[in-house]
Amino acid sequence: MAESPQNTPHSDFQPETIPIIPIEFVSEEEMALIEAAYAATRSSLSSPAVCSSICSPSSRFQTNTRTIHSITLLSKRALNASSELDIEDSDSLKNTQKITRVSQPFLHRLRSKRALSVTDITATEWCEKQMEFSLLFGKRKISKAMKAGRARHVKLEEEVVKKVKVRVESVEDSWALKFINFITCANQLLFEGLTRELPLVGFVEGIWLVGIIDELRMPEDGSAKNPILVDTKTRVRDSLPAEPQRRNGRLQLMCYKYLWDTLVADSFPSGQFFDFFSLNRNYILSEDIRERTADSGFPAKTLDDMIQYYINTCSMLPSSHDQLLLRYELQKDQSVLGEDQFAYDPEWLKTQIQSNLELWLGDREASYTPEEERWKCRHCQFASVCPGNPNPNSPGSSSLSPDRNSSSS
């Protein structure tokens, strides 16, 4: 692990301080995902312009000397042991299987002991029938554009943390790493004013919800102490997305704000957490993890110890800012296409979540996307089997539409 710079006696001459990149510990599984994303985009990252944009850390971190030991187990795509993708990343997949009706609700059958993710919420809002097909027929293909989007998010994170592998021996260890990563990211936010890839897990609207925030930053003018939530979307085409895509992105950020604000305002229901995920609160964490937690400043022997640190950290954090920010980048050179700053709308958000849950809990059938948004069918991998497709004889495109966002958070 990296050591903090040694203090030197005061003198008229102050030597230049070399910045230290925070360290993030990751499992072999996440490292494999990162390497795969790099391999898929290596050719596109070879130009000098792209390398400069991706590899240059922000100025605030070039002058920062504080070491934050950020620890995580899985990549953003595996926070809740799920490999499902954001709906904006969806690629075309022809599937002619017939739908099989099931009596058990999707939430209980497919998210038992795993929780619902923010991605599940946004995917359902994009198209309920597409989400239903995905749950029934399996995973979607990962396109080249999606891999490039993932690699971009890895680079953004590496501007503030350095990934190092760490060994885990149980599901309790995995959860401990998620909580450690939250704590270290929260510390980084408070002391440095910026953090990225912050994992969240909380209990909202009667369900367990998980997600990972792309970026949290403190207002630069110092006028407020409430962190601003930011999400970066990469685009294949040099144009801003259509309104349904922006709406989907706004829903995603509002979910993160709702989850964050609930965590910092309410006491984390640890008893319900251990019961729902079938975890042993007295499980002794692996030696490797105990060493890492001690080095990070919050030594924990058991998973219950780690939960208490998590609860204490949440109690010291402020609620997030009511203004949220979506950023759109051109994938080939990371130039900013535009930004969408918008206000939090709690009533609209709760209506969307409750509508989603009606489907996930089996209270109603999945709806087709509105007629004015049936253009989505042209890029859906299930177009050939969906009754709502206005052109059923025309299969979905074989590659990601250039008008679609190609990465998620």
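How close do the axes of helix α5 and helix α6 come, and at what angle do they cross? The axes of α5 (residues 118-126) and α6 (residues 128-137) come within 5 Å and cross at roughly 125°, where axes are lines fitted to C-alpha atoms, for helices over the stretch in contact, and angles run from 0 to 180 degrees between N-to-C directions.

## Basis and overall make-up

This is a predicted model, in which local features need pLDDT of at least 70 and side-chain atom pairs count only at pLDDT 80 or more, while totals for chains, interfaces and linings use all residues. Residues are numbered from 1 along each chain as its sequence is written, and side-chain values use heavy atoms, with hydrogens and water left out.

The protein chain has 13 helices and nine strands, these being DSSP runs numbered from the N terminus (H or I, at least four residues, for helices; E, at least two, for strands). Of its 409 residues, 55% are buried, a word that stands for under 20% relative accessible area, with exposed meaning over 50% and partly exposed in between (1.4 Å probe, protein chains only). Among the contacts in the chain with a separation of 6 or more, 77% are between residues 24 or more positions apart, contact meaning heavy atoms within 4.5 Å.

## Helix α5 and its partners

The angle between α5 and α6 makes the two helices oblique to each other, since angles under 35 degrees count as roughly parallel, over 145 as roughly antiparallel, 65 to 115 as roughly perpendicular and the rest as oblique. On the α5 side the contact is made by D120, A123, T124 and W126, and on the α6 side by E128, Q130 and M131.

With helix α13 (residues 346-360), α5 has axes that come within 10 Å and cross at roughly 85°, and these two helices are therefore roughly perpendicular. Here D120, I121, T124 and E125 of α5 meet Q352, N356, L359 and W360 of α13. E125 itself is buried, with a relative accessible area of 13%, and apart from residues up to four places away in sequence it touches R247, N248, L251, Q352 and N356. Between E125 and N356 there are 231 residues in sequence, yet their C-alpha atoms are 7.2 Å apart in space.

R250 has its place in helix α9 (residues 243-265) and counts as buried at 17% relative accessibility. Its side chain is joined to that of D340 by a polar contact of 3.1 Å, that is, a pair of N or O atoms within 3.5 Å, where within protein one must be able to donate a hydrogen and the other to accept it, and residues adjacent in sequence count only if both atoms are side-chain atoms. Neighbours within four places in sequence aside, R250 is in contact with E243, L326, D340 and F342.

## The nonpolar core

A nonpolar core is a set of buried Ala, Val, Leu, Ile, Met, Phe, Trp, Tyr and Cys residues joined through side-chain atoms within 4.5 Å. The largest one holds 67 residues, of which W175, F182, L200, W260, F273 and M306 touch the most other members. Another core, of five residues, lies apart from it and includes F133, F137, C380 and C386.

## Two residues with positive phi

Most residues other than glycine have a negative phi. A115, in the loop between α4 (106-110) and β3 (116-117), has a positive phi of about 80° and is buried, with a relative accessible area of 2%. S278, in the loop between α10 (270-276) and α11 (287-296), has a positive phi near 55° and counts as partly exposed at 49% relative accessibility.
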